[in-house]
Amino acid sequence: MSLHESNITEVIDPGPWRIAKKFDYYLLAMVAIGAILWLIGWRINPLRGWSAYLINFLFVLFLTLSGVFFTALEYVTNADWSTALRRIPEGIASFLPFTLIFMAIFAIAVPSLYSWHADWVNPEGLTRAVTRTKVTWLSQPFFTIRNLAFIIIWSLLGWAIVRNSLKQDNATLPHLSRVNAKLAIAFMILYALSFSVASYDLLMSLEPNWYSTMFGVYTFIGMFQSGIALIAILAIRMRKSGALPLTIDGHIRDLGGFVFAMSVFMSYIGFCQFLLIWYANLPDETFYFIKRTQEGWWILLLMIAALKFLFPFVLLMSQQAKKNEKLLTMIAIGILIGEWLDLYWMVIPTHTKQLVLPGIADLGGLLLFLGLFGMPVVRFYRKHSMLATGDPKILTSINWRG
């Protein structure tokens with residue numbers, strides 16, 4: 001649909017997204033095939049199996065967190081343009097409570113993946129760089145308990161925000177927007193602290209002697225960039241299928257602008273992190289990048305840079321390109337692939353010196369978690385209206401010209 005020639009004065013509820021029932025069977029097949037492949041890979045090499053579990057668990061965790069964050073960001077900034085799109089991130093956020101189960105399962109993998117676990121059992125084997133404070137922090141069950149607590153906090157606040165948003169569909173309750181704004185502020189504050197700690201725990205502590213003060217920001221931008229990419233893909237798909245008939249070119253263009261901006265910011269943070277470590281040239285910091293730029297790993301690093309920065313920056317520079325749905329979809333898919341490869345690049349070199357390509361466990365884990373992720377998301381879209389019809393800003397949003 002092109003830009004409206006005149007303002008719409010009445011909101012027509014498009015209802016839920018009518019997703020074909022056969023899509024459920026595709027998701028079930030993904031889960032079944034993925035579980036079998038992952039178990040085979042885990043049986044062959046338990047370390048690679050658990051590494052694949054971590055990569056794919058974090059991939060879907062980041063996606064579902066981006067849904068809550070995008071929704072909260074709209075309320076905090078009092079944004080008008082994104083209200084017509086809000087059901088998309090709310091649906092993505094519906095998977096978040098289920099991640100509690102997979103985080104609990106991941107506790108089994110901690111002794112295999114994290115070298116500090118063995119060091120804690122045998123303190124005499126600790127390297128000099130690992131201080132007693134770090135030893136206390138990196139210990140079981142404290143490691144698992146605090147990360148489970150983070151997910152519970154994120155889930156409760158996300159659930160409250162989405163619940164209030166859905167309540168507005170059945171009644172004109174403008175005060176719920178103000179309530180959500182307060183909840184969103186609380187979420188933002190707690191999320192900024194807890195997500196940084198979780199990224200340190202789950203990713204940076206794979207190399208317990210390494211540290212970077214910018215790592216939390218780097219993982220956050222990767223999370224938000226991939227989330228925006230997924231929202232753009234779904235918005236374009238919903239627009240074509242008629243699930244979001246009031247979506248206009250301005251919405252797509254602004255999503256394209258978000259993708260462009262996050263790609264620039266992602267490259268800025270990643271390069272700054274690398275530059276500061278390279279310039280200081282401290283052995284406790286440089287070994288992380290030396291390990292991940294030698295023995296063939298530099299090829300993967302170039303692919304990540306191309307997918308997450310170079311292609312989005314070059315191809316989405318013009319306003320017209322940002323509204324090109326086919327181009328934006330391809331760029332967004334590339335960003336999602338780049339985010340998965342980025343997690344792979346952070347995890348696998350911890351235990352493998354030479355470049356190894358993704359194997360059966362990695363593919364199986366990806367199918368498994370994507371299938372599981374899709375189930376509650378599809379259920380949400382089938383159950384609820386795809387337009388926040390009761391929000392006070394909805395008319396402003398569907399008449400958005402930017």
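**Pockets, cavities and backbone details**

In this predicted model, the largest pocket has a volume of about 860 Å³. A total of 26 residues line this pocket, and those closest to its centre are Phe23, Leu27, Leu230, Ile233 and Leu234. Five helices each contribute at least two residues to the lining: H1 (22–44), H2 (46–77), H10 (215–241), H15 (325–347) and H16 (360–383). The biggest contribution is that of H16, which gives seven residues. Sorted by class, the lining of the largest pocket holds 22 nonpolar residues, along with two polar and two charged ones.

The second largest pocket comes next, with a volume of about 440 Å³. Here 20 residues form the lining, and Tyr218, Gly270, Phe271, Leu301 and Ala305 are the closest to the centre. Two or more lining residues come from each of H10, H11 (249–280), H12 (283–291), H13 (297–315) and H15. Within this second lining, H11 has the largest share, at six residues. The classes in the lining of the second largest pocket are 14 nonpolar, four polar and two charged residues.

Across the whole structure, the search finds four cavities of 30 Å³ or more, and the largest cavity has a volume of about 50 Å³. Its lining is made up of Leu58, Leu61, Phe62, Leu65, Trp154, Phe195, Ala198, Ser199, Leu202 and Leu203. The elements that supply two or more of these residues are H2 and H9 (175–202). By class, nine residues of this lining are nonpolar and one is polar, while none is charged.

Pro141 sits in the loop between helix H7 (132–137) and helix H8 (142–170).

For Asn78, phi is near 55°, which is positive although the residue is not glycine. Asn78 lies in the loop that links H2 to helix H3 (87–92). The relative accessibility of Asn78 is 52%, and exposed means over 50%, so Asn78 counts as exposed. Asn281 likewise has a positive phi near 55° in a residue other than glycine, and is found in the loop between H11 and H12. With a relative accessibility of 54%, Asn281 counts as exposed too.

Definitions and conventions. Residues numbered from 1 in each chain as written. Predicted model: local features only at pLDDT ≥ 70, side-chain atom pairs only at ≥ 80, totals over all residues. Heavy atoms only, no water. 1 Å grid on protein atoms, 1.4 Å probe; cavity = no way out; pocket = protein on both sides within 12 Å on 5 of 7 lines; lining within 4 Å. Points joined across faces, edges and corners; volume = space filled by probe spheres on them. Helix = DSSP H or I, 4+ residues; strand = E, 2+ residues; numbered from the N terminus. Nonpolar A, V, L, I, M, F, W, Y, C, P; charged D, E, K, R; others polar. Buried < 20%, exposed > 50% of the residue type's maximum accessible area, 1.4 Å probe, protein only.
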